[in-house]
2 protein chains.
Amino acid sequence: MTDILIIEDNEDLGQLLADLMRREGFSVSLAKSAEEGLELLGQEVFRLLLLDVMLPGRDGFEALSEIRRSRDMPVIMMSAMTDDDSKIKGMEIGADDYIDKPFSFPVIASKVKALMRRTYERVTEKELLTACGITVDTGARRAYKDGKEIGMNGKEYDLLVYLMRHKGQALSKEVIFNAVWGEDCCSELASLSVYISWLRDKIEDDPKKPRLIQTVYRVGYRFGDGQ
Amino acid sequence: MTDILIIEDNEDLGQLLADLMRREGFSVSLAKSAEEGLELLGQEVFRLLLLDVMLPGRDGFEALSEIRRSRDMPVIMMSAMTDDDSKIKGMEIGADDYIDKPFSFPVIASKVKALMRRTYERVTEKELLTACGITVDTGARRAYKDGKEIGMNGKEYDLLVYLMRHKGQALSKEVIFNAVWGEDCCSELASLSVYISWLRDKIEDDPKKPRLIQTVYRVGYRFGDGQ
DNA sequence: CCATAACTTAAGATTAGTTTAAGGTAGATA
DNA sequence: TATCTACCTTAAACTAATCTTAAGTTATGG
């Protein structure tokens with residue numbers, strides 16, 4: 001199975017799009033005509049189609065009608081025809097989205113991701129926070145140190161994520177506490193130092209000489225190895 | 001159940017949109033602020049949300065984050081900010097589409113219809129989900145563990161499929177419950193843990209030490225053996 | 001070297017999650 | 001229609017994880 005099929009006759013643009021999508025982590029195949037694209041669709045399963053409207057031979061609309069006879073895959077059409085009628089025509093034939101050329105790459109990437117999410121039920125965007133040998137996968141709610149998972153409980157995890165999102169900044173205890181525990185929380189600020197201690201045990205090479213979570217005397221803490 | 005909720009502070013535009021959607025055959029409710037919209041979302045089930053970005057009080061991005069904590073409903077954002085950054089921001093928070101103001105009514109109508117189609121009328125294509133020794137044949141609605149069929153009832157099956165489609169992700173109990181039981185379901189969230197328990201009995205090697213369905217304390221569950 | 005701040009530990013309280021079983025409901029069957 | 005069956009929900013008792021507190025210890029800066 002391949003993630004994305006791009007049907008685009010302009011070879012440069014096709015390659016550029018393919019590279020972009022690969023950089024976003026998708027596997028990609030490229031076809032230069034409707035015929036070639038349909039051929040590929042018959043041979044293999046694709047999760048999403050990026051379909052140019054203006055193609056030599058059969059155009060994108062015809063190709064989409066053909067595809068919709070047997071498949072319900074997500075399709076985004078791309079075209080230089082910015083008039084509303086072609087957009088509507090594409091959507092009525094069964095496209096999921098329509099994007100005008102020229103398009104911004106980040107925008108088309110976000111459209112592809114949103115449609116993948118909606119179709120294949122990926123609820124959360126995969127986000128990886130990395131710093132100083134620590135990686136946090138916020139979608140999975142898991143953290144790793146040098147590739148090995150760090151087992152931690154909810155508050156430890158929330159605290160680590162907060163510190164990593166603000167790495168390099170000296171954060172006051174009050175700010176950290178309010179962010180992690182919530183402002184209306186009834187518990188004591190003292191809990192913070194307890195959690196800091198537990199976190200250090202788990203992520204520092206030498207918890208006695210913390211490098212990742214540094215104490216800022218009379219203020220709070222700072223995440224980062226200080227270079 | 002109502003088809004569409006429109007959150008739009010400009011009263012004239014909101015009414016116009018509502019009329020348009022009604023003419024397309026949808027039932028519509030209208031809210032003039034994020035707060036009012038969230039209130040309505042709490043009381044009733046909507047199939048799709050049209051969300052303005054610039055709102056008094058909490059803006060559309062904040063409202064969307066709030067909604068995504070418990071719901072995976074389709075959302076189209078609308079904004080006069082045509083810069084790519086806001087589009088991308090909206091999509092990353094979890095919007096399905098983004099439309100610039102001013103928009104053509106036929107275009108927004110076709111977008112709504114396309115997203116409704118994708119979300120609710122999807123032909124369930126046959127699919128083989130495989131992970132961690134469990135295989136589910138969604139065409140046949142059967143599941144197997146190491147090649148042997150696992151006998152399970154409807155809810156157990158739905159739950160397993162949902163978890164497997166999101167393997168590796170930490171999913172909140174609310175999200176799982178809403179996805180599997182349906183948002184307008186009258187039963188209690190507590191049912192979820194009962195079903196989790198039954199599923200574990202059937203798919204885990206050692207149900208006392210679950211590896212496939214992991215508990216994410218204070219959040220929900222995660223499917224996957226953690227590599 | 002003192003006063004204050006931060007760290008660590010462990011125990012108990014609290015909250016969350018699991019499991020069982022009983023009762024209800026709807027659809028199937030006779 | 002009556003009965004049966006499978007499925008689903010709920011409640012309650014039980015178990016486990018996490019959180020807070022407090023007290024003793026160690027570190028820091030003037």
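A polar side-chain atom of S197(A) lies 3.1 Å from a phosphate oxygen of DNA strand C. The model is predicted. In chain B, R200(B) places a side-chain N or O atom 2.5 Å from a phosphate oxygen of DNA strand C.

- Of the DNA strand C atoms that come within 4 Å of the protein, 78% belong to sugar and phosphate.
- By class, this surface has 9 nonpolar, 6 polar and 7 charged residues.
- Helix α8 (190-203) of chain A and α8 of chain B each supply at least two residues of the surface.

**Helix packing in chain B**

- Helix α8 (residues 190-203) of chain B also packs with helix α6 (residues 154-165) of chain B: their axes come within 10 Å and cross at roughly 85 degrees.
- α6(B) is therefore roughly perpendicular to α8(B).
- On the α6(B) side, the contact is made by K155(B), E156(B), L159(B), L160(B) and L163(B).
- On the α8(B) side, the contact residues are L192(B), Y195(B), I196(B), W198(B), L199(B), K202(B) and I203(B).
- This contact has 9 nonpolar, no polar and 3 charged residues.

**Antiparallel sheet of chain B**

- Four strands of chain B form an open sheet in the order β6-β7-β8-β9, with antiparallel pairing.
- β6 (128-131) and β9 (148-150) of chain B each have a single partner strand, so one side of each is left without a neighbour in the sheet.
- Neighbouring strands of this sheet are turned by 25 degrees against each other on average, direction ignored.
- β8 (residues 142-145) of chain B pairs with β9(B) over 3 bridges, in the antiparallel sense.
- A143(B) has I150(B) in β9(B) as its bridge partner.
- Helix α6(B) lies across β6, β7 (134-137) and β8 of chain B, and runs at about 110 degrees to β7(B).

**Parallel sheet of chain A**

- An open sheet of 5 strands in chain A has the order β2-β1-β3-β4-β5, and its pairing is parallel.
- The edge strands are β2 (28-31) and β5 of chain A, each pairing on one side only.
- On average, neighbouring strands here are turned by 20 degrees against each other, direction ignored.
- Strand β3 (residues 46-52) of chain A runs parallel to β4 (residues 75-79) of chain A, and 4 bridges join them.
- The bridge partner of L50(A) in β4(A) is I76(A).
- Helix α4 (residues 84-93) of chain A packs on the sheet, touching β4 and β5 of chain A, and its direction makes about 150 degrees with that of β5(A).
- Helix α5(A) lies across β1 (2-7), β3, β4 and β5 of chain A, and runs at about 140 degrees to β3(A).

**Backbone features in loops**

- The peptide bond joining K101(A) and P102(A) is cis, with omega about -5 degrees.
- P102(A) lies in the loop between β5 (97-100) and α5 (105-120) of chain A.
- In chain B, a cis peptide bond runs from K101(B) to P102(B), with omega near -5 degrees.
- P102(B) is in the loop between β5 (97-100) and α5 (105-120) of chain B.
- D146(A) has phi near 50 degrees, a positive value in a residue other than glycine.
- The loop holding D146(A) is between β8 (142-145) and β9 (148-150) of chain A.

Methods
Residues numbered from 1 in each chain as written. Chains lettered and ligands numbered in written order. Predicted model: local features only at pLDDT ≥ 70, side-chain atom pairs only at ≥ 80, totals over all residues. Heavy atoms only, no water. Pairing = 2+ DSSP bridges. Axes fitted to C-alpha atoms, helices over the stretch in contact; angles between N-to-C directions. Contact = heavy atoms within 4.5 Å. Parallel < 35°, antiparallel > 145°, perpendicular 65-115°, else oblique. Nonpolar A, V, L, I, M, F, W, Y, C, P; charged D, E, K, R; others polar. Near = heavy atom within 4 Å. Polar contact = N/O pair within 3.5 Å; in protein donor to acceptor, adjacent residues only side chain to side chain.
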